[in-house]
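Hi everyone, thanks for coming. I'd like to walk you through one chain today, so let's get it up on the screen.

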Amino acid sequence: MSTDSKSNAGLFARAQKSIPGGVNSPVRAFRAVGGTPRFIARAQGPYMFDAEGRRYIDYIGSWGPMILGHGHPAVLEAVQKAATEGFSFGAPTEREIELAEEILALVPSMDQLRLVSSGTEAAMSALRLARGATGRSRIVKFEGCYHGHADALLVKAGSGLATFGHPTSAGVPAEVVQHTMVLEYNNLAQLEEAFALHGADIACVMLEPIAGNMNFVRASVPFVTKLRELCTKHGALLVFDEVMTGFRVALGSAQSLYAKLIPGFAPDMSVFGKVIGGGMPLAAFGAKRAVMEQLAPLGPVYQAGTLSGNPVATACGLATLREIRKPGFHEALAAKTRTLVDGLLAAAREAGVPMVGDSEGGMFGFFFADALPQNYPAVMATDKERFNAFFHAMLDEGVYFAPALYEASFMSAAHSEADIAATIAAARKALKR
């Protein structure tokens, strides 16, 4: 590969002099798969183009937000108009209200929400609010679920059932995570034991209903049912982290899927990001009015942000949500995604390679394994080396999947039947190697 200053390799070498690891978010460095990261110069529709002019069919979609594809005309128009009116005011705007109303109309479990600038900020604020609303300190999360890089959430599982975890990052003191319990995803026995031991002290349980940071792993219906029952019984708040799944797996988000399968189901609090910003920095957390009124300026739980409700970001998000509300949007997106996953699995069978996959709406994942993993240890047992080889073979064919085994992938409305067919053809070629 060329190492001149405008090549991928040249840019990476240059970046490492001024940016730690050469990247501003670790997964971009290709450490998990090896090789040189691609520096993206531009994107349009379902494609990204790197610094060397190479085109890739994009299944990252900026890690989920680009549900319409890159550069959708209606979104571009809204953003350009908003930019001419002002980048940031530090004061309320009508568009913040419009976006809040749009989200609340699609998510009946919430009466109110607050806008912030990132998924990490939303999850961190939701935890603080849950603790403030319940007067309790302990929280539960699940191994393999990622809720941003707030200190209390950078925790790995403890050594036994229902134990408290320990930090997974330097700079996080053990005492900061002493109230965080880490349980195994989809493990009913651990869940019941945790509540039996600590139920009266648990402020909330935070769950990714479809985990996107151990690739694509669903929470089972029995697991979510029991979780709802235990939270209700013990007075803990059930928090759905829908930063990835929100408005991507269904118009009503993942919670609407579980509501169809579990009578009366709803989470107590929800966290959103990615799609609601349409590719710009924007996220939100929300709940019923009694919980949200604990936030300042009404209540004692403090949260603030200079760029919260940014007028350009809200324009981008509002235009995106109005497009995906159009009749048949998610049905068509889900059909495309299913066609791709079925095609990948068929190509693997032809090549005699064990592969499994799953999808919901415009989100999907695949593993080199004999059965779909149900938790983090099972994900860790899948064939990482084969995944890495497949990733690079597909990249060589102009198909860009996530550069790590542990990340879900994303379809957009801009992907055509020809793009999907080309992806499957590339996979057939790669899997035969």
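Let me start in a loop: Pro297 sits between helix H8 (289-292) and H9. Helices here are DSSP runs of H or I with at least four residues, strands are runs of E with at least two, and both are numbered from the N terminus. The peptide bond leading from Ala296 into Pro297 is cis, with omega near 10°.

A word on what you're looking at: this is a predicted model, with residues numbered from 1 along each chain as its sequence is written. Local features need pLDDT of at least 70 and side-chain atom pairs count only at pLDDT 80 or more, while totals for chains, interfaces and linings use all residues; side-chain values use heavy atoms, with hydrogens and water left out. As for pLDDT, that is the predictor's confidence in each residue, from 0 to 100. The chain has a mean pLDDT of 95, and 97% of its residues reach 70 or more. Please be careful with residues 159-163, where pLDDT stays under 50. For that stretch the model has 12 contacts beyond four places in sequence, a contact being heavy atoms within 4.5 Å.

Helix H1 covers residues 8-18, and its buried residues are Asn8, Ala9, Gly10, Leu11, Phe12 and Ala15. Buried means under 20% relative accessible area, exposed means over 50%, and partly exposed lies in between, using a 1.4 Å probe and protein chains only. Strand S2 (47-50) is part of what covers those H1 residues. In S2 itself, Tyr47 and Phe49 point one way, Met48 and Asp50 point the other way, and all are buried.

Which strands does S2 join? On one side of the story is S1 (residues 40-44), antiparallel to S2 and joined to it by four bridges; two strands pair if DSSP finds at least two bridges between them. Ala43 has Met48 as its bridge partner. Two residues lie between these strands in the hairpin, and Gly45 there has a positive phi near 60°. S2 also runs antiparallel to S3 (residues 55-58), with three bridges, and Tyr47 stands opposite Ile57. That hairpin has four residues between its strands, with Gly53 at a positive phi near 90°.

Next, the open sheet. Seven strands make it up in the order S4-S14-S13-S12-S9-S5-S8, with mixed pairing. Its edge strands, S4 (112-116) and S8 (180-183), each pair on one side only. From one strand to the next, the twist averages 20°. Axes are lines fitted to C-alpha atoms, for helices over the stretch in contact, and angles run from 0 to 180 degrees between N-to-C directions. S12 (residues 237-242) and S13 (residues 269-272) run parallel, joined by four bridges. Helix H7 (residues 253-261) packs on the sheet, touching S12 and S13, and its direction makes about 125° with that of S12.

Ser253, in helix H7, has a positive phi near 70° without being a glycine. Is Ser253 buried or exposed? Its relative accessibility is 0%, so Ser253 counts as buried. Asn186, in the loop between S8 and helix H5 (188-198), is another non-glycine with positive phi, near 65°. Asn186 counts as buried because its relative accessibility is 17%.

That's my tour; happy to take questions!
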